[in-house]
Amino acid sequence: MKFSGSLSEVDQKNAWYELIGVPFDGHASEKGAKKGPKTIRRASRRLETFLWHRKLELSDLRYYDRGDVKLEQNHFVEGASIAEFDSARKKKKIFIGGDHSISYPLVKDLFEHGEVAKVIAIDAHADFRDSYKNTKFSNACVMRRIAELIGYENVIEIGIRSASAEEYALLKDKIRIYDAEMLSVKGVEGVVEEIGGGEEKTYLSIDIDVLDPSRAPGVENPEPCGMSLESVISLIQGIIERKNVVASDVVEVNPKLDTRNGITSINAARIIFELLACYGKRDTPGNRTFW
Ligand SMILES: [Mn+2]
């Protein structure tokens with residue numbers, strides 16, 4: 001099953017954007033996120049592709065769902081080669097996770113090919129442990145590995161409301177953090193203004209657990225006092241308007257832990273719709289057909 005609104009296989013050459021599933025949870029403590037891509041695709045078909053608030057038919061944006069990356073669980077660690085992306089490295093992408101550890105090999109591949117210079121993470125957790133449960137590639141270490149790779153000064157974290165004391169001591173002077181409290185004091189618009197713009201190629205990683213657990217119950221580590229879906233959507237809109245986001249991911253949906261009605265997957269699909277719409281708006285600024 002393809003993501004809702006995807007071009008057909010014969011039309012894929014016309015795609016502007018690509019969706020790629022990464023069904024991996026090998027580094028998570030609580031397994032289940034590898035079912036995320038399949039469940040989020042199914043959830044996407046329960047939503048209208050006509051985005052009411054924009055009066056935009058999403059499928060006009062021409063995106064292609066390439067299906068899932070074929071991966072050997074134990075090979076997807078320290079930046080296994082992602083050769084199958086070669087043909088399409090130039091197209092803007094959205095990766096569907098998977099636990100958060102997938103962001104490291106994806107960023108590494110893009111960074112080493114000069115396709116990404118900055119990373120923005122929207123997440124409840126800092127994910128800055130040096131090692132967790134005997135691996136350095138756990139979802140709890142992912143932003144640390146990314147910062148070591150691309151430079152601490154090139155990482156921004158937004159929505160954070162949880163870290164260990166050790167993580168905080170390391171982070172506080174090295175990483176630009178706009179935490180949950182700043183978001184509620186300054187508002188999404190205030191934070192987005194402060195982050196500012198720039199043309200450097202940016203990877204935007206969205207951990208669904210930044211949402212309040214009431215909006216995203218199907219996650220490994222629910223964190224109280226989270227964001228509304230409306231605020232996360234405004235944040236994504238503000239960032240993509242100002243920054244040159246070339247790739248993004250939506251991670252940590254764990255269908256095994258979700259409600260019976262799959263609300264976490266539905267909200268993840270809705271975020272992916274918004275990412276596509278934001279890409280489209282940025283790339284076709286003068287096109288009144290869309291906006
Ligand atoms: Mn998280």
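Lys133 counts as exposed, with 11 C-beta neighbours inside 10 Å. Burial is scored on C-beta atoms placed from the backbone: a residue is buried if 20 or more others lie within 10 Å of its own, exposed if 12 or fewer, and partly exposed in between. The model is predicted; local features need pLDDT of at least 70 and side-chain atom pairs pLDDT 80 or more, while totals for chains, interfaces and linings use all residues. Residue numbers start from 1 along each chain as its sequence is written.

Lys133 is not a glycine, yet its phi is positive, at about 50°. Lys133 sits in the loop between E6 and helix H3 (142-150). Helices (H or I, at least four residues) and strands (E, at least two) are DSSP runs, numbered from the N terminus. Glu252, also not a glycine, has a positive phi near 80°. Glu252 belongs to the loop between E10 and helix H7 (263-283). Glu252 counts as buried, with 31 C-beta neighbours inside 10 Å, whereas Lys133 is exposed. A cis peptide bond links Gly97 to Gly98, with omega near 10°. Gly98 is in the loop between strand E5 (92-97) and helix H2 (103-112).

The sheet is open and has eight strands in the order E4-E1-E5-E10-E9-E6-E7-E8, with parallel pairing. Strand E4 (63-68) and E8 stand at the edges with a single partner strand each, so one side of each has no neighbour in the sheet. The twist averages 20° from one strand to the next. Angles run from 0 to 180 degrees between N-to-C directions, and axes are lines fitted to C-alpha atoms, for helices over the stretch in contact. Strands pair if DSSP finds at least two bridges between them.

Strand E1 (residues 17-22) runs parallel to E5, and six bridges join the two. Across this pair, Tyr17 stands opposite Lys92 and Glu18 stands opposite Lys93. On to E10, E5 pairs in the parallel sense over four bridges. Here Ile94 has Ser248 as its bridge partner. Six of the six residues of E5 are buried, so the strand is largely enclosed by the rest of the structure. In a regular strand, side chains alternate between the two faces of the sheet. In E5, Lys92, Ile94 and Ile96 point one way and Lys93, Phe95 and Gly97 the other; all are buried.

E9 and strand E10 (residues 243-251) are parallel and share eight bridges. Val245 in E10 is the bridge partner of Thr202. E9, helix H6 (residues 229-242) and E10 make a right-handed β-α-β unit. A crossover is right-handed if, with the strands pointing away from the viewer, the path from the first strand over the helix to the second runs clockwise. Five bridges hold the parallel pair of strand E6 (residues 118-122) and strand E9 (residues 198-207). In this pair, Ala121 stands opposite Ser205.

A kink of about 105° is centred on Gly187. The bend at a residue is the angle between axes fitted to the seven residues ending there and the seven starting there. Just after H5, Gly196 takes a positive phi of about 80°.

H5 lies across E7 and E8, at about 135° to E8. Leu183, Val188, Val191 and Val192 of H5 are buried. The buried residues of H5 pack against strand E7 (155-158), strand E8 (176-178) and H6. Contact requires C-beta atoms, placed from the backbone, within 7 Å. Ile195 is also part of H5. Ile195 is partly exposed, with 18 other C-beta atoms within 10 Å. Ile195 touches Ile156 and Tyr178, residues up to four places away in sequence not being counted. Asn154 is 41 residues from Ile195 along the chain, and their C-alpha atoms are separated by 12 Å.

Notes: Contact = placed C-beta atoms within 7 Å.
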